[in-house]
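Me: I'd like to go through this one with you. Ready when you are.
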Amino acid sequence: MPRETGTEALARLAEERVDHRFKGLPPDAEGLTVAELAAQRRNLFTGGFTTPVLALSAERLEHNLALMETYAERHGLAFAPHGKTSMAPRLFQRQIEHGAWGITLAVPHQVWVARAFGVERIFLANELVDPAALRRVAGELAADPGFRFVCYVDSVRGVGLMDAALRGAARPVDVVVELAAGEGARTGVRTEAECAAVADAVAAVPTLRLVGVAGYEGEVPQADTARVTAYLRRLTALAADFDASGRFTGVDEIVVSAGGSAWFDAVADVFAEIPELSAPVLKLLRSGAYVSHDDGHYRRLTPFARVPQEGALEPAFRLWAQVVSRPSPEQAFANAGKRDAAHDLDLPEAQVVRRDGAERPAAGVTVTGLSDQHAWLRTTGDADLEVGDWVGFGLSHPCTSFDKWQLIPLAEADGTVVDYIRTFF
């Protein structure tokens, strides 16, 4: 039986039936397809949705997609947004429609998801040494001449393990040497001399092809602009040194990749300095959290705060919960907790309160803690909060917001739900 195309797989998402797997959706929608429910254009607040429910802003999502597309174009960057943020094939599609070169991923399961939904270019920001996963990647490369796959190497031993698993593969796997961001940083080769040894190991095997260098500046110890810039210049100098020593002979393009969501302005500046090499340079940015942005961690760290003339990302998530207990004038509890809200970096932020169709700022309401299914709210004299009120929370860290929800309503500013975003974690 022929393999389902990515377009067919994406269309099939709309045919999925709404049932007990999906939190927050209207109980009377059970049995409808996602397409049928979306066509009803129900209102998030009056259409039978139950709390807690996470919503993604349609307008802010579109704004963020367009902003990063424009930013990458302006700075001459190719863009492979990190898909581990959302693991949402519909958003992968939207990102590619907005000019993305491909999708960055971290582990084999994420690659299989992306391939099932037709992603043709994948950058795996990890060394891949699992034999079963490597054989599957080799099979994908053999079956689809249009599939481009690039992954890290960061050790001579890793190269040997990859070579052993890939013996007999129809196409070599493209690899980039990962330069570590410093002592005590995460993965990557610690010194340039060791990078050269890894590159030489790649050149000695027929199953791998060295196509560039990569790194992650977000791991620079005590990161500031000067330290991040110095690391990125080490990375680009490594690419130039490899090229001068003939290590990229025969490649169509040289990949130089970096870029999380906190320092992509430094990446753009340093990558603009890359000299002419023996082949065109694919300057590949990998920022992922931009797609929804947030109301905490990335709001504080976003490079757009340093370069406001470039625009501004907008937080697109809001988690709605209901006040279920008001035991004292200083305390209330809402029915959303650790199972529903990102909490690894910051607690949710109470932003608005809805009662009887009217919305107002959540003055005097602060989240002080989360239980599994409850938010602990401290209330001051300014807080007009009653049992039954809906509270809208801003969240910090997109990567641990998406992963708690399998089907997320995409809502317009007036609450009209126009689509649903399916995730695969």
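Me: How much space lies in the largest cavity?
Reply: About 50 Å³. A cavity here is a set of points on a 1 Å grid over the protein atoms alone where a 1.4 Å probe fits but cannot get out; points are joined across faces, edges and corners, and a volume is the space filled by probe spheres set on the points. This is a predicted model, where local features need pLDDT of at least 70, side-chain atom pairs count only at pLDDT 80 or more, and totals for chains, interfaces and linings use all residues. Residues are numbered from 1 along each chain as its sequence is written, and side-chain values use heavy atoms, with hydrogens and water left out.

Me: How many cavities of 30 Å³ or more does the structure hold?
Reply: One.

Me: Which residues line the largest cavity?
Reply: Ser261, Phe264, Ala289, Tyr290, His293, Tyr298, Thr302 and Leu313; lining residues have an atom within 4 Å of a point. Five are nonpolar, three polar and none charged. Ala, Val, Leu, Ile, Met, Phe, Trp, Tyr, Cys and Pro count as nonpolar, Asp, Glu, Lys and Arg as charged, and the others, Gly among them, as polar.

Me: And pockets: what is the volume of the largest pocket?
Reply: About 610 Å³. A pocket is an open set with protein on both sides within 12 Å along at least five of seven lines. The largest pocket has 33 lining residues, and Lys84, Arg186, Tyr216, Gly218 and Gly260 lie nearest its centre.

Me: Which element gives the largest share of that lining?
Reply: H11, with three residues. Helices (H or I, at least four residues) and strands (E, at least two) are DSSP runs, numbered from the N terminus.

Me: Switching to the sheet. What is the strand order?
Reply: E2-E9-E8-E7-E6-E5-E4-E3, an open sheet of eight strands with parallel pairing. Two strands pair if DSSP finds at least two bridges between them. Strands E2 (78-79) and E3 (103-105) are the edges, each pairing on one side only.

Me: How many bridges do E8 and E9 pair over?
Reply: Five, between residues 254-258 of E8 and residues 281-285 of E9. Val255 has Leu282 in E9 as its bridge partner.

Me: Last one: at what angle do the axes of H3 and H4 cross?
Reply: Roughly 40 degrees, with the axes of H3 (residues 58-74) and H4 (residues 89-97) coming within 9 Å. Axes are lines fitted to C-alpha atoms, for helices over the stretch in contact, and angles run from 0 to 180 degrees between N-to-C directions.

Me: Why are H3 and H4 called oblique?
Reply: Angles under 35 degrees count as roughly parallel, over 145 as roughly antiparallel, 65 to 115 as roughly perpendicular and the rest as oblique, so H3 and H4 are oblique to each other.
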